[in-house]
Amino acid sequence: MSYTKSLLTAARSIAIEQADMPETIAPDHIRLRLAAASICGTDMHYFRHFANAGFFLDYPVTLGHEACGYVENANGHDFTTGELVAINPVIECGDCENCRTGNINMCPTKRFPGSATTKPHIDGFFRDTFDFPAKCCHSVSPNVSADHLTFAEPLACAMHAVNRGKITETDRVLVTGCGPMGLLATVAAVAKGASVHVTDLKRSSIEAAKAVGAEQGFVIGEDDTETLGNSFDVVIEASGAPQAYNLALDCVRKQGTISILSLIQPSDVPINLHLNALKEVLCVGSILFTREFTDAVELIEAGSVDFDAITAAKFPVSQTQAACELMAEGRATGKVLIKPE
Ligand SMILES: [Zn+2]
Ligand SMILES: [Zn+2]
């Protein structure tokens, strides 16, 4: 059976192919039809550089690790044909000390689709049909929107950063950066009952954050960030800008916490590390998620979050290049979705 597949062949170059699925499915896999996928910042690094964080792709690969799908062939596993499932893209070994203690994000041999760190690379989800391990697929309650369910993976990452920051309902939280991850961090902190304030360079992104529960927003370079003060219990850094980390150090209260959700790249911008010491700031990193994938699916199932307000645009698989270009230009507010042909 032939299906439409996007393939990153070089930096900024995505080919569209008609490919054939193998006749047999690996025993531990099920076959899925794409329901919806979304573009991640990681995908954008590969799109721009054919690499991410210094890891180069060895050969062309299909991007995409945020998706949900319809079961086309359950292959003997406990799913109904046609049912919508959430997909956890982390294929952990299940055996190592980290996996046994629930820290699957720290598994040294975990595999991940559309990533140079997994060798040989596994094709990601920006294609119409794919096989994936049954253990990574999760049944959801009926009537969940596929366009919302694709948020499960990035929302789980945001929830992990919120949990790493130990955010509770009594906390005043600042989220620096309202790209897709900052918006989802806002969703996650609001779900904990916290009072959330946000910063971004674009007013439209601030408005999107307010649509999902942020109380107040500050446009960097326009609004007076002095008025933010220095009393936030937790700051979630979601912009990736070193300047935002300095803002976080200014705005966090003494003995408060900065939870880093972004991948701040090495740069020449000096970081005011003395404030880390003088204010006894607890700084925690965050990568992927552990048990939060289930929490994310549950929050999406509850239907209380307006994910449409943080969705920028939708493109079919055959227009994956245009979808990535829109993201690369920085014009999109919220997530860009990839849909089946
Ligand atoms: Zn992602
Ligand atoms: Zn492991």
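**Figure 1. Overall dimensions of the predicted model.** A compact globule of 341 residues would have a radius of gyration near 20 Å, and the protein agrees with this, at 20 Å; the radius is taken over C-alpha atoms, and the globule rule is 2.2 Å times the number of residues to the power 0.38. Along the principal axes, the C-alpha atoms occupy a box of roughly 60 × 35 × 35 Å. The structure is a predicted model, in which local features need pLDDT of at least 70 and side-chain atom pairs count only at pLDDT 80 or more, whereas totals for chains, interfaces and linings use all residues. Residues are numbered from 1 along each chain as its sequence is written, with chains lettered from A and ligands numbered from 1 in the order in which they are written. The protein contains 10 helices and 17 strands, which are DSSP runs numbered from the N terminus (helices: H or I, at least four residues; strands: E, at least two). Of the 341 residues, 45% are buried; a residue is buried if 20 or more other C-beta atoms, placed from the backbone, lie within 10 Å of its own, exposed if 12 or fewer, and partly exposed in between. Among contacts between residues at least 6 apart in sequence, 66% join residues at least 24 apart, a contact being two C-beta atoms, placed from the backbone, within 7 Å.

**Figure 2. The contact between the two domains.** Domain 1 comprises 2-150 + 306-339, and domain 2 comprises 155-285; these bounds come from an automatic or database domain assignment. The domain centres, taken over C-alpha atoms, are 28 Å apart. Domain 1 contributes 8 residues to the contact and domain 2 contributes 10. On the domain 1 side, the residues divide into 3 nonpolar, 3 polar and 2 charged (nonpolar: Ala, Val, Leu, Ile, Met, Phe, Trp, Tyr, Cys and Pro; charged: Asp, Glu, Lys and Arg; polar: the others, Gly among them).

**Figure 3. The open six-stranded sheet.** The 6 strands are ordered β12-β11-β10-β13-β14-β15 with parallel pairing, where two strands pair if DSSP finds at least two bridges between them. Strands β12 (216-219) and β15 (282-285) form the edges, each pairing on one side only. On average, and with direction ignored, neighbouring strands are turned by 20° against each other. Strand β11 (residues 195-200) pairs with β12 over 4 bridges, and Val 198 has Gly 217 of β12 as its bridge partner.

**Figure 4. Helix α7 against the sheet.** Helix α7 (residues 242-251) packs on the sheet and touches β10 (172-176), β11, β13 (232-237) and β14 (252-260). The directions of α7 and β13 make an angle of about 175°; axes are lines fitted to C-alpha atoms, for helices over the stretch in contact, and angles run from 0 to 180 degrees between N-to-C directions. Buried in α7 are Ala 244, Tyr 245, Leu 247, Ala 248, Leu 249 and Cys 251. The buried residues of this helix pack against β10, β11, β13, β14 and α8 (273-278).

Figure 5. The peptide bond from Lys 119 to Pro 120 is cis, with omega near -10°, and Pro 120 lies in the loop between α2 (97-100) and β8 (129-133). Phe 50, in the loop between α1 (41-49) and β4 (51-52), is not a glycine but has a positive phi of about 60°. Phe 50 is partly exposed, with 18 other C-beta atoms within 10 Å. Asn 143, also not a glycine, has a positive phi of about 75° and is found between β9 (137-139) and α3 (146-149). With 8 other C-beta atoms within 10 Å, Asn 143 is exposed.
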